[in-house]
Amino acid sequence: MAACRHLSPAVDALVPDNRWLCELDGKPLVLPREPRWQPDRNARAWRLDHLQR
């Protein structure tokens, strides 16, 4: 199984309980329709930037 690109490096793809997270890798992010429930765009960008280190 390939390494997960958008997960913390602490998430081990070889652990069976983590496999479902890795299966989401590369899939589009589906945000809630209600804007007030959507995560902040800057926060998402920060998280992605810091996970790719």
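How many salt bridges does the structure hold? The count is 1. The tour reaches that pair at the end; the model is a predicted one, and the stops before it give the setting.

**Whole chain**

Colour by accessibility next: of the 53 residues, 11% count as buried. The accessible surface of the chain is about 4900 Å², and carbon and sulfur atoms contribute 56% of that surface.

**Ser-8**

Select Ser-8, in the segment before helix 1, which covers 19-23. The relative accessible area of Ser-8 is 29%, so this residue is partly exposed, the class between the 20% and 50% limits. Ser-8 and Leu-51 are 43 residues apart along the chain, yet 5.5 Å separates their C-alpha atoms.

**Asp-12**

Move on to Asp-12, which also lies in the segment before helix 1. Is Asp-12 buried, partly exposed or exposed? Its relative accessible area is 38%, and therefore Asp-12 is classed as partly exposed. Show the side chain of Asp-12 together with the backbone of Leu-14: a polar atom of that side chain lies 2.8 Å from the backbone nitrogen of Leu-14. Then draw a C-alpha distance from Asp-12 to Cys-22. These two residues are 10 apart along the chain, and the distance is 9.1 Å.

**Asn-18**

Which residues does Asn-18 contact, leaving aside its neighbours within four places in sequence? They are Val-11 and Asp-12. Why does Asn-18 count as buried? Its relative accessibility is 18%, and buried means under 20%.

**Glu-34 and Arg-36**

Last, select Glu-34 and Arg-36 and show both side chains. They meet in a salt bridge, with an N to O distance of 3.7 Å. The cut-off for such a pair is 4 Å. Side chains of opposite charge can pair when their charged atoms come close. Colour these two residues by accessibility as well. Glu-34 has a relative accessibility of 40% and so counts as partly exposed. Arg-36, at 64%, counts as exposed, because the limit for that class is over 50%. With this pair on screen, the 1 salt bridge of the structure has been visited.

Terms used. Residues are numbered from 1 along each chain as its sequence is written. This is a predicted model: local features need pLDDT of at least 70, side-chain atom pairs count only at pLDDT 80 or more; totals for chains, interfaces and linings use all residues. Side-chain values use heavy atoms; hydrogens and water are left out. Helices (H or I, at least four residues) and strands (E, at least two) are DSSP runs, numbered from the N terminus. Buried means under 20% relative accessible area, exposed over 50%, partly exposed in between (1.4 Å probe, protein chains only). Accessible areas come from the Shrake-Rupley method with a 1.4 Å probe; for residues, only the protein chains shown count as cover. Contact means heavy atoms within 4.5 Å. A polar contact is a pair of N or O atoms within 3.5 Å; within protein, one must be able to donate a hydrogen and the other to accept it, and residues adjacent in sequence count only if both atoms are side-chain atoms.
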